[in-house]
Amino acid sequence: TFRVLFAGQVALGKGVGYLLEAREQLGWRDAELWLAGVLAGDARRALGRLLAQPGVRLLGYELCPETLYRAADVFCLPSLSEGSALVTYEAMAAGLASVLTLEAGAVARDGQEALLTSAGDVAALVRALTRLRDDHALRQRLGRAARLLAERFTWARYGEGLVELYGRLLSGLAS
């Protein structure tokens with residue numbers, strides 16, 4: 001079974017509706033779409049029929065998402081607007097090929113660590129998901145590159161960067 005994983009609040013602003021539309025257009029019988037996260041009221045009302053598609057699994061909030069990342073073939077975050085979503089870093093660290101929107105704020109680059117689309121572009125989601133399903137070597141290459149890039153974005157390095165920045169700011173005040 002080919003598995004596409006979405007993680008985050010299952011809400012309209014996260015682009016879940018577009019992902020579900022793409023899933024419907026693909027009509028894959030031997031694939032699953034896993035939605036990990038709390039289902040927002042707006043999504044439940046607006047997407048009821050699409051959420052009921054065969055192969056769509058609402059998983060709810062997952063305390064240990066690494067098990068989901070390991071079980072998935074592809075990660076997808078079709079968000080309409082993000083700062084820099086933590087789930088994109090988690091998927092990269094898990095070595096997953098991803099389909100992301102430009103608006104997701106991810107550090108992944110198109111064709112290098114992920115396939116990037118524009119928010120709301122269902123046809124582009126269909127193309128990217130089909131491409132990753134059909135091309136195992138591409139999935140592997142993107143996943144390996146994503147893992148390498150993710151290693152540069154650890155909490156330790158983030159903390160070191162903050163200490164360095166504060167040091168520069170404070171030394172500038174002392175001058």
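Good morning, colleagues. The model is predicted, so local features are reported only at pLDDT of at least 70 and side-chain atom pairs only at pLDDT 80 or more, whereas totals for chains, interfaces and linings use all residues. Residues are numbered from 1 along each chain as its sequence is written, and side-chain values rest on heavy atoms, with hydrogens and water left out.

I begin with the overall fold. The chain contains 7 helices and 6 strands; helices (H or I, at least four residues) and strands (E, at least two) are DSSP runs numbered from the N terminus. Their order along the sequence is β-α-β-α-β-α-β-α-β-β-α-α-α. The radius of gyration is 18 Å, close to the 16 Å of the globule rule for 175 residues, so the chain is as compact as a globular protein of that length. That radius is taken over C-alpha atoms, and the rule is 2.2 Å times the number of residues to the power 0.38. Along the principal axes, the C-alpha trace spans about 65 × 40 × 30 Å.

Next, burial and surface. Of the 175 residues, 41% are buried, where buried means under 20% relative accessible area, exposed over 50%, and partly exposed in between (1.4 Å probe, protein chains only). Among contacts with a separation of 6 or more, 64% come from residues 24 or more positions apart; a contact means heavy atoms within 4.5 Å. The mean positions of the 20 positive and 19 negative charges lie 2 Å apart. Here Lys and Arg count as positive and Asp and Glu as negative, without His or the chain ends, and each charge is placed at NZ of Lys, CZ of Arg, CG of Asp or CD of Glu.

I turn to helix α1, residues 16-26. Its buried residues are Val 16, Gly 17, Leu 19, Leu 20, Ala 22, Arg 23 and Leu 26. An α-helix has 3.6 residues a turn, so residues three or four places apart point the same way. Which elements cover the buried residues of α1? The cover includes strands β1 (2-7), β2 (31-36), β3 (56-60) and β4 (74-77), together with helices α2 (41-51) and α5 (122-134). Just after α1, Gly 27 adopts a positive phi of about 60 degrees.

Three further residues deserve attention. Gly 60, in strand β3, is partly exposed at 25% relative accessible area. Beyond its neighbours within four places in sequence, Gly 60 contacts Leu 35, Ala 36 and Gly 37. Gly 60 and Ala 36 are 24 residues apart in sequence, with a C-alpha to C-alpha distance of 5.2 Å.

Arg 139 belongs to helix α6, residues 136-150. Is this arginine buried or exposed? Arg 139 is buried, at 12% relative accessible area. Not counting residues up to four places away, Arg 139 touches Phe 2, Asp 73, Val 74, Ala 97, Leu 132 and Arg 133.

Ala 72 sits in the loop between α3 (66-71) and β4 and is buried at 9%. Outside four places in sequence, Ala 72 contacts Arg 3, Leu 5 and Leu 96.

Finally, the cysteines. The structure holds 0 disulfides, a disulfide being a pair of cysteine sulfur atoms within 2.5 Å. Cys 64 is partly exposed at 36%, while Cys 76 is buried at 0% relative accessibility. Thank you.
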